[in-house]
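Please read the sequence and the model side by side. The report below covers a loop, a helix pair, a sheet and a ligand site.

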Amino acid sequence: MTSPALTSLELDLPHLSSGKVRELYDLTPASLLFVATDRISAYDVVMPQGIPDKGRLLTGMSVFWFGATSDICPNHFLSAGVDDLPRAARAAIGGLDGRHMIVRKLDMLPVEFVVRGYLVGSGWKDYQRTGGVCGIPLPDGLVEADRLPEPIFTPATKATVGHDENISEAEAEELCPPGTLKVARDYAIELYRRASDYARGRGIILADTKFEFGLDPNRGGEVTLADEVLTPDSSRFWPADAWEPGTNPPSLDKQYLRDWLDGLGWDRKPPAPDLPPEVVERTRAGYVESYERLTGRSL
Ligand code: PZK
């Protein structure tokens, strides 16, 4: 049986920040509590119903990737265990059931580190207009969803409201302390190569992904991978057998939900419609499949 979706939290800890689907709490002078809820967004709007286990599945994927990439760069992950929590926090967190990570507190870089291996979304739009993506020239004659000759780094600013805005690498460099942008950029490209090769062997195309980095004040300001990593919420996952250049491939996680929303003629403005049980269940199946294919574990 499936437990109900966890969409809101009441933890007796200092709350730092709420994302559309994630929550951040203060834990100790050097650590934070990062929680992935079961909330889901589509077309940038949070749905009224959550997807049962989504937070556990995404946390499991992040933890898997932190382990599988720790030879490439340092990361903020400390523990996903309840026993490693300060005593006072342990009770608060019992009900999270695999949806939390204890992470190092970093000084975050104010840039999204986006890496693209395929031509899709805003990258495809940009290419049609300019022949390149974010000022990076590309060969002529590419079609939507084509694989790029090499993965490219396309930084963006973190918008507090609305959409992240693509910026040039020079602009990104201006926003970061000296010497840090290039280190994080090279990590991001290497992480993408590692993860996309691995995922491809398991029938998943990692079309693009977004990383965040911070500087660790307790380790001489070392550039450190943060946030959730290589999950369907921070990446585009395509089933490899549905990839067809010239078309926009379905996403493994949200396609069923998007198609259902499109069929309703919803205007993509809040509030979103209530999701019937079949839509919740079919959407959940996409997350379970992503998790099981990538980690080789069953939920
Ligand atoms: C941090 N966010 C985004 C994530 C939210 C918002 N290790 C860290 N150290 C300091 N700050 C952050 C992190 C991380 N990761 C991340 N904002 C700050 C975010 C989750 C929920 F509401």
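## The loop with a cis bond

Pro271 is in the loop between α6 and α7. Helices (H or I, at least four residues) and strands (E, at least two) are DSSP runs, numbered from the N terminus. The peptide bond that leads from Pro270 to Pro271 is cis, and its omega is near 0°. Most peptide bonds are trans, and most residues other than glycine have a negative phi.

This is a predicted model, in which local features need pLDDT of at least 70 and side-chain atom pairs count only at pLDDT 80 or more, while totals for chains, interfaces and linings use all residues. Residues are numbered from 1 along each chain as its sequence is written, and side-chain values use heavy atoms, with hydrogens and water left out.

How do α6 and α7 pack? Helix α6 covers residues 255–264 and helix α7 covers residues 277–295; their axes are 8 Å apart, at an angle of about 150°. This angle makes α6 roughly antiparallel to α7. Angles under 35 degrees count as roughly parallel, over 145 as roughly antiparallel, 65 to 115 as roughly perpendicular and the rest as oblique. The axes are lines fitted to C-alpha atoms, for helices over the stretch in contact, and angles run from 0 to 180 degrees between N-to-C directions.

On the α6 side, Tyr256, Leu257 and Trp260 make the contact (heavy atoms within 4.5 Å). On the α7 side, the residues are Glu278, Val279, Arg282 and Thr283. Together the residues of this contact divide into 4 nonpolar, 1 polar and 2 charged. Here Ala, Val, Leu, Ile, Met, Phe, Trp, Tyr, Cys and Pro count as nonpolar, Asp, Glu, Lys and Arg as charged, and the others, Gly among them, as polar.

## A sheet of five strands

Strands of a sheet pair through backbone hydrogen bonds, either parallel or antiparallel. In this model, an open sheet of 5 strands has the order β1-β2-β3-β7-β6, with antiparallel pairing. Two strands pair if DSSP finds at least two bridges between them. β1 and β6 (77–79) are the edge strands, each pairing on one side only. From one strand to the next, the twist averages 30°.

Strand β1 (residues 15–18) is joined to strand β2 (residues 22–28) by 3 bridges, and a hairpin links the two through 3 residues. A hairpin of 2 residues then leads from β2 to β3, and 6 bridges join β2 to strand β3 (residues 31–36). Helix α1 (residues 54–68) lies across β3, β6 and β7, and runs at about 40° to β7.

## Around the ligand

Which residues come nearest to the ligand? Of the 16 residues around the ligand (a heavy atom within 4 Å), these are Ser17, Gly19, His76, Arg104 and Leu106.

Polar contacts are pairs of N or O atoms within 3.5 Å; within protein, one must be able to donate a hydrogen and the other to accept it, and residues adjacent in sequence count only if both atoms are side-chain atoms. An N or O atom in the side chain of His76 is 3.0 Å from a nitrogen atom of the ligand. A polar backbone atom of Leu106 is 2.9 Å from a ligand nitrogen atom. For Asp227, a backbone N or O atom lies 3.1 Å from a nitrogen atom of the ligand. Asp227 lies in the loop between β16 (222–226) and β17 (235–239), and its phi is near 65°, a positive value in a residue other than glycine.
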